[in-house]
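Student: Could you take me through the salt bridges of this model, one by one, and show me where the partners sit?

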2 protein chains.
Amino acid sequence: MTRPFNFSAGPANLPEEVLQQAAAEMLDWHGSGMGVMEMSHRGKEFISIYENAEADFRSLMAVPNNFKILFMQGGGLAENAIVPLNLSRGASADFIVTGSWSDKSQKEARKYCDVQVAATNESSGHTSLPAAATWQLRREASYVHVCTNETIHGVEFHALPDLKALGSDAPLVIDFSSHVASRPVDWSRVGLAFGGAQKNLGPAGVTLVVVREDLLGHALPACPSAFNYKIVADSESMYNTPPTYAIYIAGLTFQWLKRQKEGELAGIAAMEQRNQTKAQRLYEAIDQSQFYVNKVDKECRSRMNVPFFLRDESRNEAFLAGAKMRGLLQLKGHKSVGGMRASIYNAMPMAGVEALIDYMQEFEQKLA
Amino acid sequence: MTRPFNFSAGPANLPEEVLQQAAAEMLDWHGSGMGVMEMSHRGKEFISIYENAEADFRSLMAVPNNFKILFMQGGGLAENAIVPLNLSRGASADFIVTGSWSDKSQKEARKYCDVQVAATNESSGHTSLPAAATWQLRREASYVHVCTNETIHGVEFHALPDLKALGSDAPLVIDFSSHVASRPVDWSRVGLAFGGAQKNLGPAGVTLVVVREDLLGHALPACPSAFNYKIVADSESMYNTPPTYAIYIAGLTFQWLKRQKEGELAGIAAMEQRNQTKAQRLYEAIDQSQFYVNKVDKECRSRMNVPFFLRDESRNEAFLAGAKMRGLLQLKGHKSVGGMRASIYNAMPMAGVEALIDYMQEFEQKLA
């Protein structure tokens, strides 16, 4: 039996192979006599799971050796406080506001430092990206924060800003929660990247933080030890008991990513090509229709989160009910935006996107 | 095939029924077409899982209605900061130090308020409990912190202190991580209880916080929103994406607990009786032997964590190797204490304790 296609924005669908393996190993991991949930985090079995997950993510994403990879807890919203607690030095930080997530980030950071919104796309209703040349960066900022994919508004940076070229020496902090591992990252432009796992990497409850080593060791006195990047880095993410099962599932997902191939491409390059194709097909179907509309500028449309509207919004409930009947789940848009949203993360196969497009066209034709 | 018996101090063994059900539901929860990891935390499916978990814990543990039950992240070590961030009001807090965990708690709290160790069992090597009458409680303390079961030292409070009787109006904060749900709690004596799930409730990555409503709303400005009890309570633990799968497994464990029976007893009362019997048998076997020793005062020995030593410590490695051969796993003591430790949480059946005692006696006799 085919599983339904689940377009949830997160927690989101996981590769079936990952879930199958997790189910098979639930009571006994590799002959250890223990399920992964039952292992001491300090035992050799879990240590091997952890080390493989770290190494697999590092190789997949080509993370340089001068960056630490941390597995933390609390998700992106906790990081909104944890980043300034660790990086702001109580001074100042600049934010580029491009949607709900970066706006939440700048509001939370105000507890810890002087915050400036250096650029915003608010006047466009978060459907564009402010050109880097217009950003009002401050020379003294401790860091510059960008959300590189706005899950709710469907706006994505297709290239990371080059802060040096903009005259800033501040480290760039990226919230890549909702497109991590969907495309390569140019680490030469990044100081710190964080992301909750529940969109593209695994289950909710583990947060990936990739941080350049020179940024460690400057936490504010009020920073809880469990969220002090230096303490977490020095203890290999085991200062407190890590979310072991979530790390295990993320590790299985990293292995799945490594196995992916598209023609000559493998791993993240293969994923990127597949994600490009999936997004292109869906946006084309929307743009070619008189019935559906996506309001985001073409050059910054997200490959992961595709918000769209029925021009006749009185049809919304019928659209969702029909989708569910066809096994197309969780398409309702975020309450702050309305309409529909199709999240098409790594684990969404092309067949899911095609099924959605077929359904959208049929729904439109039926009403024509 | 029988599974080995896993005596890990945490993450620890889970009921086999819980793991079986989780494996069976991994790809499709109740016909929804989604695994639990893949569900939006705001969808009706996960909301029902969450609400049932909350209600089941409340009924199991008889939590009064004026307490909120929160599902958070970060474990006990994060709570060591989160509690003073929320309750100290930047003033003062008193700590009863009875082992490693309460000692870590008081050290972390010093970041946020004036901390006093009001009593300690350090002079006994953490093998006793300081009599409540000797506690030097301060009238102005914002709260009094007690770790009611010290996982490493194997010391347990068999009754909660009555702070009012000691002349204090401060709320009692208990860290019940390693014996939560193993026995009832007298909530009339408690202001806040916290515990990581990974010992008695489920997987690592979810922290249970039970907090009296009148203690909400006094967080320090530096408290991250994701760890502000009032914000978490007001959003039903969904300010940030909760650790959904860990909550689901905890919920299955609560249901398993509700099904437990011992004679006329059910639920927590049944568990308590079983835990008493298990612990009694194991301590008797140790005390009756000339070969093994437990150094904790009899009146405060933990029912959950039983540290013991071979009088001839040169036999330690042979003891552990033989145990593993017999399917008795993770018996090595914590590095700070040495020797052995058998953690016999709720999910450890009597048969596991009996198998351990049999092995201990055989090992002793072979050397006699």
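Tutor: Happy to! Over all chains, the structure holds 44 salt bridges, a salt bridge being a side-chain nitrogen of Lys or Arg within 4 Å of a carboxyl oxygen of Asp or Glu. This is a predicted model, in which local features need pLDDT of at least 70 and side-chain atom pairs count only at pLDDT 80 or more, while totals for chains, interfaces and linings use all residues. Residues are numbered from 1 along each chain as its sequence is written, chains are lettered from A and ligands numbered from 1 in the order in which they are written, and side-chain values use heavy atoms, with hydrogens and water left out.

Let's start with a pair from two chains. Glu38(B) and Arg3(A) form a salt bridge through their side chains, at 2.4 Å from N to O. Because Glu38(B) lies in the loop between helix 1 (16–24) and helix 2 (44–60) of chain B, and Arg3(A) in the segment before strand 1 (5–6) of chain A, this pair joins two chains. Helices (H or I, at least four residues) and strands (E, at least two) are DSSP runs, numbered from the N terminus. Glu38(B) is buried, with a relative accessible area of 1%, and Arg3(A) is buried as well, at 16%. Here buried means under 20% relative accessible area, exposed over 50%, and partly exposed in between (1.4 Å probe, protein chains only).

The side chains of Lys258(B) and Asp56(B) meet in a salt bridge with an N to O distance of 3.0 Å. This pair links distant parts of the chain, with Lys258(B) in helix 6 (residues 244–259) and Asp56(B) in helix 2 of chain B, 202 residues apart. Lys258(B) is partly exposed at 38% relative accessibility, whereas Asp56(B) is buried at 11%.

A further salt bridge brings together the side chains of Arg274(B) and Glu262(B), at 2.6 Å from N to O. Arg274(B) lies in helix 7 (residues 267–287) and Glu262(B) in strand 11 (residues 261–262) of chain B, so the pair ties together parts that are 12 residues apart in sequence. With 16% relative accessibility Arg274(B) counts as buried, while Glu262(B), with 26%, counts as partly exposed.

Finally, have a look at chain A: Asp94(A), Asp114(A) and Arg138(A) are joined into one network by salt bridges that share partners.
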